[in-house]
Amino acid sequence: MTGKADKQRDAEAEVQSFKEKLGPFVVAAETTRMAMVFSDAKQAGNPIIFANDSFLSLTGYSRQEVLGRSFNFLMAHGADTDALALIEAELSGHSDKGSEILYRRKDGSEFWAAIFVSPVRDENGNVVQYFASFVDLTKHKDEQAQSRMLIDELNHRVKNTLATVQSIVWQALRTTSDRDVIRNSIESRLFALSRAHDLLTRENWESASLFDMVNDALEPFGVSDGRAERIVIRGENVRFPPQAALSLGVAFNELATNAVKYGAFSNETGSILIEWKIDRTGDGDRLILHWQEKDGPPVTLPSRTGFGSQVIERGLAHELQGTVRLDYRSAGLVCTMDIPAPGTASNG
Amino acid sequence: MLILLMIEAMLADLGFESVTAAASVDQAVAVVQGQVFDAAILDVNLRGSNSRPVADALALRGVPFFFSTGNHGEHVMDGYDDRAVLRKPFKQDGLGAILTSLLR
(Lines give C-alpha, C1' and ligand atoms only; values in the text may rest on other atoms or scores of the structure.)
Protein backbone atom coordinates (compact mmCIF):
# COMPACT_ATOMS: atom_id res chain seq x y z
CA MET A 1 0.00 0.00 0.00
CA THR A 2 1.38 3.39 -0.97
CA GLY A 3 1.19 6.55 1.06
CA LYS A 4 -1.00 8.04 -1.62
CA ALA A 5 -3.64 5.33 -1.28
CA ASP A 6 -3.63 5.95 2.49
CA LYS A 7 -4.21 9.66 1.97
CA GLN A 8 -6.97 8.89 -0.53
CA ARG A 9 -8.67 6.66 2.03
CA ASP A 10 -8.32 9.34 4.70
CA ALA A 11 -9.87 11.93 2.46
CA GLU A 12 -12.72 9.63 1.55
CA ALA A 13 -13.22 8.93 5.24
CA GLU A 14 -13.56 12.67 5.84
CA VAL A 15 -16.27 12.84 3.21
CA GLN A 16 -17.93 9.86 4.84
CA SER A 17 -17.93 11.64 8.21
CA PHE A 18 -19.42 14.74 6.57
CA LYS A 19 -22.16 12.49 5.27
CA GLU A 20 -22.88 11.21 8.74
CA LYS A 21 -22.90 14.66 10.29
CA LEU A 22 -24.71 16.56 7.57
CA GLY A 23 -27.18 13.97 6.35
CA PRO A 24 -29.74 15.74 4.16
CA PHE A 25 -27.20 18.14 2.59
CA VAL A 26 -25.09 15.25 1.45
CA VAL A 27 -28.12 13.52 0.00
CA ALA A 28 -28.83 16.73 -1.88
CA ALA A 29 -25.28 16.82 -3.27
CA GLU A 30 -25.51 13.19 -4.28
CA THR A 31 -28.85 13.37 -6.03
CA THR A 32 -28.91 16.85 -7.54
CA ARG A 33 -28.85 17.08 -11.30
CA MET A 34 -25.98 19.55 -11.05
CA ALA A 35 -22.70 17.71 -11.60
CA MET A 36 -20.43 18.13 -8.57
CA VAL A 37 -17.10 16.98 -7.18
CA PHE A 38 -15.08 17.53 -4.03
CA SER A 39 -11.32 17.46 -4.28
CA ASP A 40 -8.58 17.21 -1.66
CA ALA A 41 -6.82 20.56 -1.57
CA LYS A 42 -4.02 19.21 0.61
CA GLN A 43 -2.69 16.86 -2.05
CA ALA A 44 -0.85 17.68 -5.26
CA GLY A 45 -3.03 17.65 -8.35
CA ASN A 46 -6.24 18.12 -6.32
CA PRO A 47 -7.44 14.52 -6.41
CA ILE A 48 -11.17 13.97 -6.54
CA ILE A 49 -12.58 12.47 -3.35
CA PHE A 50 -16.28 12.71 -4.05
CA ALA A 51 -18.24 12.75 -7.29
CA ASN A 52 -22.01 12.73 -7.52
CA ASP A 53 -24.06 10.68 -9.97
CA SER A 54 -24.74 13.63 -12.22
CA PHE A 55 -21.02 14.18 -12.65
CA LEU A 56 -20.56 10.53 -13.58
CA SER A 57 -23.33 10.60 -16.18
CA LEU A 58 -22.04 13.91 -17.58
CA THR A 59 -18.54 12.53 -18.07
CA GLY A 60 -19.30 8.87 -18.74
CA TYR A 61 -16.91 7.59 -16.06
CA SER A 62 -17.64 5.23 -13.20
CA ARG A 63 -17.01 6.32 -9.63
CA GLN A 64 -13.92 4.11 -9.30
CA GLU A 65 -12.42 5.63 -12.44
CA VAL A 66 -12.83 9.14 -11.06
CA LEU A 67 -11.93 8.93 -7.38
CA GLY A 68 -8.29 9.74 -6.83
CA ARG A 69 -7.82 11.26 -10.30
CA SER A 70 -6.49 14.75 -10.52
CA PHE A 71 -9.07 17.49 -10.81
CA ASN A 72 -7.85 18.48 -14.27
CA PHE A 73 -7.82 15.03 -15.83
CA LEU A 74 -11.04 15.75 -17.64
CA MET A 75 -9.72 18.65 -19.64
CA ALA A 76 -9.79 18.10 -23.38
CA HIS A 77 -6.63 20.11 -23.87
CA GLY A 78 -4.71 19.51 -20.66
CA ALA A 79 -1.76 21.61 -21.80
CA ASP A 80 -3.91 24.61 -22.73
CA THR A 81 -2.31 27.35 -20.66
CA ASP A 82 -5.31 29.68 -20.96
CA ALA A 83 -7.65 27.02 -19.64
CA LEU A 84 -5.24 26.09 -16.83
CA ALA A 85 -4.97 29.74 -15.87
CA LEU A 86 -8.76 29.97 -15.70
CA ILE A 87 -8.91 26.95 -13.40
CA GLU A 88 -6.11 28.42 -11.24
CA ALA A 89 -8.14 31.59 -10.93
CA GLU A 90 -11.18 29.55 -9.95
CA LEU A 91 -9.23 27.62 -7.32
CA SER A 92 -7.70 30.71 -5.77
CA GLY A 93 -11.10 32.34 -5.54
CA HIS A 94 -10.24 35.07 -8.00
CA SER A 95 -13.12 34.39 -10.32
CA ASP A 96 -16.73 35.11 -9.43
CA LYS A 97 -18.53 34.09 -12.54
CA GLY A 98 -17.33 30.60 -13.38
CA SER A 99 -15.09 29.67 -16.29
CA GLU A 100 -15.81 27.87 -19.55
CA ILE A 101 -13.55 24.90 -20.09
CA LEU A 102 -13.53 22.27 -22.83
CA TYR A 103 -13.73 18.81 -21.28
CA ARG A 104 -13.51 15.30 -22.66
CA ARG A 105 -15.77 12.39 -21.73
CA LYS A 106 -14.66 8.81 -21.31
CA ASP A 107 -15.83 8.02 -24.86
CA GLY A 108 -13.63 10.78 -26.27
CA SER A 109 -16.43 13.21 -27.09
CA GLU A 110 -15.86 16.79 -26.02
CA PHE A 111 -18.18 19.23 -24.29
CA TRP A 112 -18.02 22.76 -22.95
CA ALA A 113 -18.80 23.20 -19.26
CA ALA A 114 -18.91 26.18 -16.93
CA ILE A 115 -17.01 25.32 -13.76
CA PHE A 116 -17.70 27.03 -10.41
CA VAL A 117 -15.25 26.34 -7.59
CA SER A 118 -15.61 27.12 -3.90
CA PRO A 119 -12.96 26.43 -1.30
CA VAL A 120 -13.89 24.47 1.83
CA ARG A 121 -11.99 25.78 4.84
CA ASP A 122 -11.24 24.31 8.26
CA GLU A 123 -11.57 26.19 11.59
CA ASN A 124 -8.19 27.88 10.97
CA GLY A 125 -9.23 29.21 7.60
CA ASN A 126 -6.99 26.85 5.64
CA VAL A 127 -8.38 25.44 2.46
CA VAL A 128 -8.83 21.69 2.94
CA GLN A 129 -11.06 20.85 0.02
CA TYR A 130 -12.46 22.30 -3.16
CA PHE A 131 -16.05 21.96 -4.12
CA ALA A 132 -16.70 22.29 -7.86
CA SER A 133 -19.92 22.24 -9.81
CA PHE A 134 -20.16 21.87 -13.56
CA VAL A 135 -22.84 23.20 -15.86
CA ASP A 136 -23.00 21.44 -19.23
CA LEU A 137 -22.94 24.20 -21.86
CA THR A 138 -23.49 21.95 -24.88
CA LYS A 139 -27.05 23.09 -25.56
CA HIS A 140 -26.10 26.72 -24.94
CA LYS A 141 -23.19 26.49 -27.38
CA ASP A 142 -25.39 24.83 -29.99
CA GLU A 143 -27.96 27.59 -29.66
CA GLN A 144 -25.23 30.23 -29.98
CA ALA A 145 -23.88 28.57 -33.12
CA GLN A 146 -27.40 28.30 -34.54
CA SER A 147 -28.00 32.02 -33.86
CA ARG A 148 -24.75 32.95 -35.55
CA MET A 149 -25.69 30.88 -38.59
CA LEU A 150 -29.12 32.48 -38.84
CA ILE A 151 -27.66 35.96 -38.54
CA ASP A 152 -25.06 35.19 -41.21
CA GLU A 153 -27.78 33.83 -43.49
CA LEU A 154 -29.90 36.88 -42.85
CA ASN A 155 -26.98 39.18 -43.69
CA HIS A 156 -26.34 37.23 -46.87
CA ARG A 157 -29.98 37.57 -47.97
CA VAL A 158 -30.19 41.24 -47.10
CA LYS A 159 -27.03 42.01 -49.09
CA ASN A 160 -28.48 40.16 -52.07
CA THR A 161 -31.73 42.06 -51.76
CA LEU A 162 -29.84 45.36 -51.63
CA ALA A 163 -27.86 44.40 -54.72
CA THR A 164 -31.14 43.48 -56.46
CA VAL A 165 -32.62 46.85 -55.57
CA GLN A 166 -29.45 48.47 -56.89
CA SER A 167 -29.98 46.61 -60.19
CA ILE A 168 -33.57 47.83 -60.40
CA VAL A 169 -32.62 51.47 -59.82
CA TRP A 170 -29.55 51.26 -62.05
CA GLN A 171 -31.56 49.85 -64.90
CA ALA A 172 -34.31 52.45 -64.53
CA LEU A 173 -31.78 55.26 -64.75
CA ARG A 174 -30.03 53.90 -67.81
CA THR A 175 -32.73 54.03 -70.42
CA THR A 176 -34.46 57.32 -69.79
CA SER A 177 -34.23 60.63 -67.97
CA ASP A 178 -37.99 61.00 -67.71
CA ARG A 179 -38.55 61.06 -63.95
CA ASP A 180 -42.07 59.59 -64.07
CA VAL A 181 -40.93 56.68 -66.21
CA ILE A 182 -37.99 56.13 -63.87
CA ARG A 183 -40.22 56.19 -60.81
CA ASN A 184 -42.80 53.81 -62.30
CA SER A 185 -40.12 51.41 -63.43
CA ILE A 186 -38.49 51.32 -59.98
CA GLU A 187 -41.81 51.03 -58.14
CA SER A 188 -43.18 48.31 -60.36
CA ARG A 189 -40.12 46.07 -60.04
CA LEU A 190 -39.61 46.79 -56.33
CA PHE A 191 -43.19 45.88 -55.57
CA ALA A 192 -42.96 42.71 -57.65
CA LEU A 193 -39.92 41.72 -55.60
CA SER A 194 -41.72 42.60 -52.39
CA ARG A 195 -44.78 40.53 -53.34
CA ALA A 196 -42.56 37.56 -54.11
CA HIS A 197 -40.99 37.96 -50.64
CA ASP A 198 -44.46 38.08 -49.07
CA LEU A 199 -45.47 34.85 -50.77
CA LEU A 200 -42.34 33.09 -49.51
CA THR A 201 -42.83 34.49 -46.01
CA ARG A 202 -46.36 33.06 -45.96
CA GLU A 203 -44.76 29.69 -46.73
CA ASN A 204 -41.97 30.09 -44.13
CA TRP A 205 -39.39 30.49 -46.87
CA GLU A 206 -39.56 26.80 -47.71
CA SER A 207 -41.03 26.93 -51.22
CA ALA A 208 -43.80 28.56 -53.21
CA SER A 209 -46.41 27.10 -55.55
CA LEU A 210 -46.23 28.09 -59.21
CA PHE A 211 -49.96 28.79 -59.22
CA ASP A 212 -49.64 31.24 -56.31
CA MET A 213 -46.66 32.91 -57.98
CA VAL A 214 -48.49 33.56 -61.24
CA ASN A 215 -51.62 34.64 -59.43
CA ASP A 216 -49.72 37.05 -57.17
CA ALA A 217 -47.75 38.53 -60.06
CA LEU A 218 -50.90 39.20 -62.08
CA GLU A 219 -53.02 40.40 -59.18
CA PRO A 220 -52.02 44.08 -59.41
CA PHE A 221 -52.71 44.03 -63.15
CA GLY A 222 -55.88 42.00 -63.41
CA VAL A 223 -58.36 42.24 -60.62
CA SER A 224 -58.87 45.96 -60.18
CA ASP A 225 -60.78 46.72 -63.37
CA GLY A 226 -62.53 43.46 -64.00
CA ARG A 227 -59.78 41.73 -65.93
CA ALA A 228 -60.05 38.61 -63.79
CA GLU A 229 -61.99 36.66 -66.41
CA ARG A 230 -59.34 37.55 -69.00
CA ILE A 231 -56.74 35.47 -67.20
CA VAL A 232 -56.72 31.66 -67.11
CA ILE A 233 -54.11 29.83 -65.07
CA ARG A 234 -53.87 26.05 -65.45
CA GLY A 235 -51.40 23.43 -64.38
CA GLU A 236 -50.56 20.71 -61.88
CA ASN A 237 -49.24 21.55 -58.42
CA VAL A 238 -45.57 22.51 -58.74
CA ARG A 239 -43.44 24.11 -56.02
CA PHE A 240 -40.19 26.05 -56.41
CA PRO A 241 -37.42 26.77 -53.86
CA PRO A 242 -37.02 30.39 -52.64
CA GLN A 243 -34.40 31.76 -55.04
CA ALA A 244 -36.22 30.41 -58.09
CA ALA A 245 -39.52 31.72 -56.72
CA LEU A 246 -38.11 35.26 -56.43
CA SER A 247 -36.82 35.16 -60.01
CA LEU A 248 -40.11 33.84 -61.36
CA GLY A 249 -41.98 36.57 -59.50
CA VAL A 250 -39.81 39.20 -61.17
CA ALA A 251 -40.16 37.56 -64.60
CA PHE A 252 -43.97 37.24 -64.44
CA ASN A 253 -44.08 40.90 -63.46
CA GLU A 254 -42.13 41.78 -66.62
CA LEU A 255 -44.55 39.73 -68.75
CA ALA A 256 -47.58 41.31 -67.11
CA THR A 257 -46.16 44.83 -67.42
CA ASN A 258 -45.51 44.23 -71.10
CA ALA A 259 -49.03 42.87 -71.56
CA VAL A 260 -50.51 46.02 -70.04
CA LYS A 261 -48.34 48.40 -72.07
CA TYR A 262 -48.37 46.69 -75.47
CA GLY A 263 -50.05 43.29 -75.27
CA ALA A 264 -53.27 41.53 -74.36
CA PHE A 265 -54.15 43.87 -71.50
CA SER A 266 -53.62 47.05 -73.48
CA ASN A 267 -57.07 46.81 -75.12
CA GLU A 268 -60.53 45.67 -74.03
CA THR A 269 -60.60 42.24 -75.64
CA GLY A 270 -57.22 40.63 -75.03
CA SER A 271 -56.76 37.64 -72.71
CA ILE A 272 -53.89 35.60 -71.34
CA LEU A 273 -53.66 31.85 -70.84
CA ILE A 274 -50.88 30.60 -68.57
CA GLU A 275 -50.59 26.83 -68.48
CA TRP A 276 -47.90 24.30 -67.72
CA LYS A 277 -47.27 20.58 -67.56
CA ILE A 278 -44.51 18.26 -66.52
CA ASP A 279 -42.95 16.26 -69.34
CA ARG A 280 -41.75 12.99 -67.80
CA THR A 281 -40.71 11.30 -71.04
CA GLY A 282 -37.07 12.32 -71.28
CA ASP A 283 -34.31 11.64 -68.76
CA GLY A 284 -35.12 14.12 -66.03
CA ASP A 285 -38.54 15.73 -65.69
CA ARG A 286 -39.02 19.02 -67.52
CA LEU A 287 -41.54 21.72 -66.71
CA ILE A 288 -42.99 23.26 -69.89
CA LEU A 289 -44.87 26.51 -69.33
CA HIS A 290 -46.66 28.68 -71.89
CA TRP A 291 -47.74 32.28 -71.39
CA GLN A 292 -50.06 32.83 -74.33
CA GLU A 293 -51.65 36.16 -75.19
CA LYS A 294 -54.46 36.59 -77.71
CA ASP A 295 -56.95 39.14 -78.99
CA GLY A 296 -54.68 42.01 -78.05
CA PRO A 297 -53.64 44.71 -80.54
CA PRO A 298 -51.52 43.57 -83.55
CA VAL A 299 -48.11 42.43 -82.37
CA THR A 300 -45.02 44.18 -83.69
CA LEU A 301 -41.48 42.94 -83.22
CA PRO A 302 -39.62 45.25 -80.82
CA SER A 303 -36.86 47.23 -82.55
CA ARG A 304 -34.30 46.36 -79.87
CA THR A 305 -34.12 43.96 -76.95
CA GLY A 306 -35.59 45.79 -74.01
CA PHE A 307 -34.55 45.10 -70.45
CA GLY A 308 -37.77 43.20 -69.79
CA SER A 309 -37.04 40.65 -72.49
CA GLN A 310 -33.46 40.29 -71.24
CA VAL A 311 -34.79 39.52 -67.79
CA ILE A 312 -37.07 36.86 -69.21
CA GLU A 313 -34.94 35.23 -71.91
CA ARG A 314 -31.55 35.52 -70.25
CA GLY A 315 -31.92 36.23 -66.55
CA LEU A 316 -34.66 33.71 -65.83
CA ALA A 317 -33.17 31.05 -68.13
CA HIS A 318 -29.85 31.41 -66.30
CA GLU A 319 -31.46 31.26 -62.89
CA LEU A 320 -33.60 28.19 -63.66
CA GLN A 321 -30.95 26.53 -65.85
CA GLY A 322 -33.30 25.99 -68.78
CA THR A 323 -34.47 27.84 -71.89
CA VAL A 324 -36.98 30.69 -72.07
CA ARG A 325 -38.19 32.05 -75.41
CA LEU A 326 -40.29 35.05 -76.38
CA ASP A 327 -42.24 34.58 -79.62
CA TYR A 328 -43.83 37.70 -81.06
CA ARG A 329 -46.51 35.84 -82.99
CA SER A 330 -49.08 37.89 -84.89
CA ALA A 331 -51.90 36.33 -82.85
CA GLY A 332 -50.23 37.37 -79.62
CA LEU A 333 -47.03 37.11 -77.62
CA VAL A 334 -46.09 33.62 -76.50
CA CYS A 335 -43.48 32.98 -73.85
CA THR A 336 -42.29 29.38 -73.52
CA MET A 337 -40.26 28.11 -70.57
CA ASP A 338 -38.55 24.72 -70.71
CA ILE A 339 -36.80 24.10 -67.39
CA PRO A 340 -35.90 21.19 -65.12
CA ALA A 341 -38.95 20.37 -63.00
CA PRO A 342 -38.21 21.52 -59.45
CA GLY A 343 -37.50 18.81 -56.91
CA THR A 344 -40.01 20.16 -54.45
CA ALA A 345 -43.03 19.27 -56.56
CA SER A 346 -45.49 17.83 -54.07
CA ASN A 347 -46.53 15.12 -56.47
CA GLY A 348 -42.97 14.38 -57.60
CA MET B 1 -30.85 37.26 -61.35
CA LEU B 2 -31.34 40.99 -61.82
CA ILE B 3 -27.96 41.37 -60.13
CA LEU B 4 -26.38 39.26 -62.85
CA LEU B 5 -27.88 41.41 -65.60
CA MET B 6 -26.58 44.53 -63.89
CA ILE B 7 -23.09 43.06 -63.52
CA GLU B 8 -23.07 42.07 -67.18
CA ALA B 9 -24.12 45.57 -68.17
CA MET B 10 -21.43 47.08 -65.91
CA LEU B 11 -18.85 44.78 -67.48
CA ALA B 12 -20.00 45.76 -70.96
CA ASP B 13 -19.61 49.42 -69.98
CA LEU B 14 -16.09 48.62 -68.81
CA GLY B 15 -15.30 47.02 -72.15
CA PHE B 16 -15.78 43.33 -71.33
CA GLU B 17 -17.95 42.09 -74.17
CA SER B 18 -17.87 38.33 -73.76
CA VAL B 19 -19.31 37.30 -70.43
CA THR B 20 -20.37 33.79 -69.44
CA ALA B 21 -22.45 33.24 -66.33
CA ALA B 22 -22.98 30.10 -64.26
CA ALA B 23 -25.55 29.73 -61.51
CA SER B 24 -24.38 26.63 -59.68
CA VAL B 25 -21.09 25.09 -58.59
CA ASP B 26 -21.36 22.23 -61.09
CA GLN B 27 -22.26 24.53 -63.95
CA ALA B 28 -19.42 26.91 -63.06
CA VAL B 29 -16.79 24.17 -62.88
CA ALA B 30 -17.93 22.84 -66.28
CA VAL B 31 -17.74 26.31 -67.80
CA VAL B 32 -14.26 26.97 -66.36
CA GLN B 33 -12.97 23.66 -67.66
CA GLY B 34 -14.52 24.15 -71.10
CA GLN B 35 -13.20 27.57 -72.05
CA VAL B 36 -10.31 29.98 -71.58
CA PHE B 37 -11.17 33.09 -69.57
CA ASP B 38 -9.29 36.32 -68.92
CA ALA B 39 -10.78 36.79 -65.46
CA ALA B 40 -13.57 35.60 -63.19
CA ILE B 41 -15.82 36.99 -60.46
CA LEU B 42 -16.73 34.26 -57.99
CA ASP B 43 -19.55 34.55 -55.51
CA VAL B 44 -18.48 32.74 -52.35
CA ASN B 45 -21.90 31.14 -52.12
CA LEU B 46 -23.56 29.60 -55.17
CA ARG B 47 -27.12 28.41 -54.71
CA GLY B 48 -26.48 27.53 -51.06
CA SER B 49 -23.16 25.77 -51.65
CA ASN B 50 -19.69 27.04 -50.93
CA SER B 51 -17.97 27.71 -54.26
CA ARG B 52 -14.56 26.32 -53.29
CA PRO B 53 -14.57 23.75 -56.15
CA VAL B 54 -14.88 26.63 -58.60
CA ALA B 55 -12.02 28.51 -56.93
CA ASP B 56 -9.91 25.37 -57.19
CA ALA B 57 -10.76 24.96 -60.89
CA LEU B 58 -9.92 28.61 -61.60
CA ALA B 59 -6.65 28.40 -59.67
CA LEU B 60 -5.71 25.20 -61.46
CA ARG B 61 -6.12 26.87 -64.82
CA GLY B 62 -4.39 30.05 -63.75
CA VAL B 63 -7.44 32.27 -64.33
CA PRO B 64 -7.16 35.52 -62.34
CA PHE B 65 -10.22 35.89 -60.13
CA PHE B 66 -11.69 37.70 -57.15
CA PHE B 67 -14.52 36.98 -54.75
CA SER B 68 -17.85 38.67 -54.30
CA THR B 69 -19.67 38.26 -51.01
CA GLY B 70 -22.28 39.86 -48.79
CA ASN B 71 -20.35 38.91 -45.67
CA HIS B 72 -18.28 41.32 -43.66
CA GLY B 73 -15.57 39.07 -42.24
CA GLU B 74 -11.90 39.18 -43.14
CA HIS B 75 -11.63 35.51 -44.03
CA VAL B 76 -13.56 34.54 -47.15
CA MET B 77 -12.34 31.10 -48.15
CA ASP B 78 -9.69 28.76 -46.74
CA GLY B 79 -6.52 28.81 -48.79
CA TYR B 80 -7.58 31.85 -50.81
CA ASP B 81 -6.92 34.66 -48.36
CA ASP B 82 -4.66 36.34 -50.89
CA ARG B 83 -7.47 37.01 -53.39
CA ALA B 84 -9.26 40.35 -53.66
CA VAL B 85 -12.80 40.60 -52.30
CA LEU B 86 -15.63 42.83 -53.50
CA ARG B 87 -18.46 43.26 -51.00
CA LYS B 88 -22.09 43.24 -52.14
CA PRO B 89 -23.65 45.59 -53.06
CA PHE B 90 -20.72 47.07 -54.92
CA LYS B 91 -19.99 50.15 -56.98
CA GLN B 92 -19.18 50.04 -60.64
CA ASP B 93 -15.93 51.91 -59.89
CA GLY B 94 -14.92 49.21 -57.43
CA LEU B 95 -15.57 46.52 -60.02
CA GLY B 96 -13.51 48.41 -62.58
CA ALA B 97 -10.61 48.96 -60.18
CA ILE B 98 -10.34 45.30 -59.18
CA LEU B 99 -10.53 44.06 -62.77
CA THR B 100 -7.90 46.54 -63.86
CA SER B 101 -5.47 45.41 -61.17
CA LEU B 102 -6.19 41.73 -61.91
CA LEU B 103 -5.46 42.09 -65.58
CA ARG B 104 -2.41 44.32 -65.32
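My entries follow, starting with the ground rules.

**Ground rules.** I am working on a predicted model, where local features need pLDDT of at least 70 and side-chain atom pairs count only at pLDDT 80 or more, while totals for chains, interfaces and linings use all residues. Residues are numbered from 1 along each chain as its sequence is written, and chains are lettered from A and ligands numbered from 1 in the order in which they are written.

**Domains of chain A.** I looked up the domain assignment, whose bounds come from an automatic or database source. Chain A gets domain 1 (3–136) and domain 2 (206–340). I find their C-alpha centres 69 Å apart.

For elements I use DSSP runs numbered from the N terminus: helices are H or I with at least four residues, strands are E with at least two. I call two strands paired if DSSP finds at least two bridges between them. As a reminder to myself, strands of a sheet pair through backbone hydrogen bonds, either parallel or antiparallel. E1(A) (residues 35–40) runs antiparallel to E5(A) (residues 127–136), with six bridges joining them. E4(A) (residues 110–121) is also antiparallel to E5(A), over nine bridges. Which residue of E5(A) is the bridge partner of Val120(A)? I get Gln129(A), and Asp40(A) stands opposite Gln129(A) too. E4(A) and E5(A) make a hairpin with five residues between them, and Gly125(A) in the turn has a positive phi of about 85°.

**Phe134(A).** I picked this one because it sits in E5(A) and has 22 C-beta neighbours inside 10 Å, so it counts as buried. My cut-offs: buried means 20 or more other C-beta atoms within 10 Å of the residue's own, exposed means 12 or fewer, partly exposed is in between, and C-beta atoms are placed from the backbone. Contact means that the C-beta atoms of two residues, again placed from the backbone, lie within 7 Å. Leaving aside neighbours within four places in sequence, I list Ala35(A), Phe55(A), Leu58(A), Ala113(A) and Ile115(A) as the contacts of Phe134(A). I also checked Gly98(A): it is 36 residues from Phe134(A) in sequence and 9.2 Å away in space, C-alpha to C-alpha.

**Helix H7 of chain A.** I noted the buried residues of H7(A): Ser185(A), Arg189(A), Ala192(A), Ala196(A), Leu199(A) and Leu200(A). After H7(A) comes Asn204(A), with a positive phi near 55°.

**The five-stranded sheet of chain A.** I read the order as E7-E9-E10-E12-E11, an open sheet with mixed pairing. Its edge strands are E7(A) (231–235) and E11(A) (323–329), each pairing on one side only. The twist averages 10° from one strand to the next. For angles I use axes fitted as lines to C-alpha atoms, for helices over the stretch in contact, running from 0 to 180 degrees between N-to-C directions. E7(A) is parallel to E9(A) (residues 271–279) over five bridges, and Ile231(A) has Ile272(A) as its bridge partner there. H10(A) lies across E11(A) and E12(A) (332–340), at about 155° to E11(A).

**Asp212(A).** Buried, exposed or in between? Asp212(A), in H8(A) (residues 210–222), has 17 C-beta neighbours inside 10 Å, so I log it as partly exposed. Thr281(A) is 69 residues from Asp212(A) in sequence and 26 Å from it in space, C-alpha to C-alpha.

**Sheet in chain B.** Here I see three strands in an open sheet, ordered E1-E4-E5, with parallel pairing. E1(B) (40–43) and E5(B) (85–87) are the edges, each pairing on one side only. Three bridges join E4(B) (residues 65–69) to E5(B), and Thr69(B) stands opposite Arg87(B).

**Where the chains meet.** I get 24 residues of chain A in contact with 15 residues of chain B. H6(A) (138–175), H9(A) (242–261) and H10(A) (307–320) each supply at least two residues on the chain A side, and the largest share, 13 residues, comes from H6(A).
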